[in-house]
Amino acid sequence: MNHRRSRPLAVVGSLVASLAAACVPELETDLSRIDQPTLLAIVAEPPEVEEGDTVALSALVAGLGEGSADPITYSFCRARKPLSELGPVDPACLVSTSADVIDVLGTGPAVTGLIEREACSAFGPRRPVSAPGQPAGRAVDADPTGGFYQPVLAELPGRGRVLGGVRLNCGLPGANRDQVVLYNERHRPNVNPRLERVEAQLDGAWIELGAATGATNPVGPGTEVLLRAGWIDCAQDTACTGAETYVRFDPELGRLTDETESLFVTWYATAGELESHRVAPTDPGLSSVENRWIAPDEAGPVELWAVLRDGRGGVGFAAHRLQVR
Amino acid sequence: MLPHRPSSSWSLALASVLCTSFAAAQAAPSPEAPPGSAAPGAGVDPSAPGGARPQLTKPPKLLQFVEAPFPESEKAAGAGASVVVEILISELGLVSDVRVIQTASPTFDAAALEAVRAFVFEPAEIDGKPAAIKIQYRYDFVLEQAPSAPTVLRGEVLQRGTGQPMAGVVVRLASGEQAITDAAGRFVFEGVAPGKQTLTLSGAELSALQTEETLAEGETLEVRYQVEPIQQAAPDDAPADDLEIVVLAPKLTRQVVATRMEAESARKVAGTQGDVLKIVENMPGVARAAVGSGDVVVWGAAPEDTRVYVDGVRVPALYHYGGLRSVVHSDLVQSVELVPGAYGPAHGRGLGGLVSVDTRDPADDRLHPSVQLDLLDASLAVSGPLSDHVRVSGSLRRSHLHDALSGAIEGDLEEYFPIPRYHDASLRLRYEPQQSEWVEAHGLLSRDSVTRSIGGADPLARRTEKREIGFDRVFMRYRREPGDGSRITVVPWLGRDENRLVGAFGGTPVELELDAALYGLRASWTAPLGAAVVLGAGFDLELVRASVRREGSVSAPPREGDARVFGQPPADQVNVDEWRASTGSAAPYLDTDIALFGGLLHVLPGIRLEPFFTAVNRRRPAESDTADIGAFSAELSIQPRLALRWSPSSVLSLKAAYGQNEQLPRPEDLSAVFGNPLLGTSRAAHYLAGAELDFSGALAVEATLFYSRSEDLAVRNPLPSPRVAQTLLGIGDGRAYGMQLLLRRDLADGWFGWLAYTLQKSERKDGPAAPWRLFDFDQTHVLTALLSYDFGAGFGAGTRLRVASGYPRTPVVGTYYDARRDQFEPVLGAKNTSRLPIFWQVDLRGSKRWDIGGTKLEAYLDIQNVTNRRNSEELAYGPDYSEARYIRGLPILPVLGATWEF
């Protein structure tokens, strides 16, 4: 009886499974594979600044090969994107060389830039100055963490521009005095996260990987390796290189709320196959993530990168080298 | 008009020679002698011997007249002629000689001479003795009209759908004369006065119906009326329900261009799984909806700009979410009509088309319960009397596709193919104290929900979505038809709409919650004013009080015209707002049908006077310690409507129409954060012209050219630094133009079908300085062919072919990496400058009906996409936009179902 009942369901199941197979395209883009020079991250130090502050910018470039270093040109985007633009930046900043649009900061492995005094009007919550008699301009919306960003562009020669951002501390223009006071009391500028350790499980044991320029880590061809990247635990209300807690003004509730950063790690390798490109902790309380990497069948060195982001514009990274043999 | 019969007439110049009547010639004697004709005695030789002047004592008398045939060669000229001859009559009374002394033409002369030679006279007498004599004679050839044949109006009354004759229908003329249809449904009036005649059809099962015919003198006019087969003895397989009369010839529709489909035909269309209202997707002027969308895109208007009415009450959607089912149970649907544009003044508040669903009157003979089951859902419906004056109908339906798949599928199919849950219900109570008056209470309910969760460990690809959509409607309907041709209808209604979307895309919230209370009143009165004018007046009120909450990016949910690609994550700049908005209008209107030139030309002017208002509780974004300031705006709209229909023959109709509409902003767009609290109404003007050839009442060809222009559409503010509370601006423009063609064969002799083709272009402009671009839902070509045939013995089959251009898409011309968010972003080319590939699909349907112990069981197999074509429904990009593949539509999909009617 049960067998007879289950039969129609099985028919339906196979039918709809074919529907799913028919509907879903298979796209095999592997974002983790590095086979050419690729700019993976723009690091701002400090990662959160105020108007008039100076910020140091550098970048993580993978796939350059040992000893080579292409110069990187850094710029601030000065154009505020219109609301009809659904992307994160005004498209003009991706192609323009006009000084009205792009503020070129310099070329090199790292540069410094001065955050403009009106950055919080152009990219933040402060309403743009309007002409007399005209209604006020619209403030920029914050990101889900309550942050605003000065757009940054970094360009490798011939590789196009990469967008980054420096978090702006613009205060709380929409809040009342008590809320502003409380916010200023409790707000801690963001700190770039740091990967404290990147480990691989080899022969059942966790081994901390050496630096890319240091010791190599031997791995057998085709071996499946469990990787783990970790950061420190942060105490409440403290600035640290792990998942920090921070205060955010909730405009709907009209009060400050405590939040914790959501860190995630993006993995890259020059060979082999990573199970996941981007991994976040399965539990917000965890301070590490795991990923699987299958070593290539061919012997040789493999470079591995792990980039840690905190969701508030902070970034840290680690590079390691493994030896397949 | 009968042809004129040629005839000849003659006259004798002599006063004593009288014309005799003759049957064939029917000629009247000429009372006058021709010029120069002889007086008595003329022609007598005065020099006769004897000296004394002879005296004519007796004139000759024509004893035998011979009619001369009217010369064939002269008939074309259409005129008669006269030939004067001189006749020498012998003393024996015979014609001795004859010659022409006044000619008409050689042919007339010859005909006259030949006839006259055969004349026979009673001889003349001179001095008391027979004597020869000469006379002059005028022979008249007259081309006369035949006397008027009697004017005849004959026709037949048939059941619409089955084509069965309807006996016992009383057909009455305005003069009081009446006829009753016989067993073949035929009636005839002979000797009808020429000109316009007003006919009234009535019967035990019919509401009084009036129509007009125009007859020429001597004409025999054949007409055919098709009415719905409702309350009389049902034919073999027709439910004995109470249906509404529909007149096909002449049409009494107020809409110049409309496609109407009866439920009986619509439920047999392949690919619709027996869902009557899904026929709308196949009507001319309607773009093919993307799979899983359920959008109704009419003549290039946005889906939300086309209004849907059920028994005169607006509902937010025709289909459940995803388009799997319509919101009204098919057993309760009488008909559905789509007016793509330029509709009458009774409706408004929409820039697009008009979909009107008429539900079926409850049966009055006995209760008719029915159950239905197929892959998608199960339902129960009932219709029948509760007492002598009270009838009821209702339905319940619940989807089970989701539940079935949850038990059968392992894995997360819903990541890619979310399957909605839905249920709906309806109840209708009708109190009919007398045939000409009834009042009804209605209730409608519809709920949809869909849940989707995509992505696992990847925090940026993680996507959750829970959507709940529903509406309720409660309304009364009162109708009175006093029998003088007038009708009064009053429909007060209440409703509630809800739309909840709660989700997140890569950590960016996407939330929209709307609860709206609706209040409406629709009242109308129509009556004939004399023989040539029908006047309608009415009142259409609708108020909406909405509470809305939205959280997330201004870019999500996306709007029409957004430069984006499928699957693109929203910007991570988010906001939140909660607001209340009230909108409404109360529109009195006038509608007129003026018949001119004996009904050949109908002029239908109308006007709708509509004051709109919009009120919001917050005109600026909320700020701490700052009191909200509301906003109120109002405007008066005068919307003229005009339609013309000219029928130069019984087969051909020419038509043209113009209409101006306005539409209130949606409550979702009145946010001080995400929209603009001061948005005004949007406007549209529709123009159309077309022709229809109706060959037999069952076969018709209709071609229509259309153009629509819309203004003040809400679009995103293009400025880099927009003013506060001006995220949207009413500066968009739209235009759509094209033609639609419909070759239609109504259900008769067991089969029906149509071929609908629409060629059109629809464009939008996102601001005064922006260029025209293709509308997101533009489809250049849409072709639908339907065919359904009843083989008898309960077997039926049908097929459907659909061909449509792909929707426009914005091409990706580059990509860049956003290192802060760790995701790639597309660099887009010009908006909507590429297209998805063309779509085509063939569906089949087969059904079998059994009569089992007084019940009727019907099973059907509906196979969508029988060729298993891999149609491209969307273009999906890889995470770095370097690779793209098409999302394919449904493969071959058989749906087996059954309906059991008790």
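**Notes on the disulfides**

1. Let me start with Cys120(A), which counts as buried at 1% relative accessibility. Please keep in mind as you read that this is a predicted model. The partner of Cys120(A) is Cys170(A), and the two sulfur atoms of this disulfide sit 1.9 Å apart. The link between them is left-handed, with -85° about the S-S bond. It joins distant parts of the chain, 50 residues apart: Cys120(A) belongs to helix α3 (residues 119-122) of chain A, and Cys170(A) to the loop between β8 (161-168) and α4 (177-186). Cys170(A) is buried too, at a relative accessible area of 15%.

2. Next comes the disulfide of Cys77(A) and Cys93(A), with 1.9 Å between the sulfur atoms. Here the torsion about the S-S bond is about 60°, so this disulfide is right-handed. Because Cys77(A) lies in strand β4 (residues 73-77) and Cys93(A) in helix α2 (residues 92-95) of chain A, the pair ties together parts that are 16 residues apart in sequence. Cys77(A) is buried, with a relative accessible area of 1%, and Cys93(A) is buried with 0%.

3. Cys234(A) and Cys240(A) also form a disulfide, with their sulfur atoms 1.5 Å apart. Cys234(A) is partly exposed, at 21% relative accessibility, where buried would mean under 20%. Cys240(A) is buried, with a relative accessible area of 12%.

4. To put the pairs together: the structure holds three disulfides over all chains. Counting bonded cysteines along chain A, the pattern is 1-2, 3-4, 5-6.

Methods: Residues are numbered from 1 along each chain as its sequence is written. Chains are lettered from A and ligands numbered from 1 in the order in which they are written. This is a predicted model: local features need pLDDT of at least 70, side-chain atom pairs count only at pLDDT 80 or more; totals for chains, interfaces and linings use all residues. Side-chain values use heavy atoms; hydrogens and water are left out. A disulfide is a pair of cysteine sulfur atoms within 2.5 Å. Helices (H or I, at least four residues) and strands (E, at least two) are DSSP runs, numbered from the N terminus. Buried means under 20% relative accessible area, exposed over 50%, partly exposed in between (1.4 Å probe, protein chains only).
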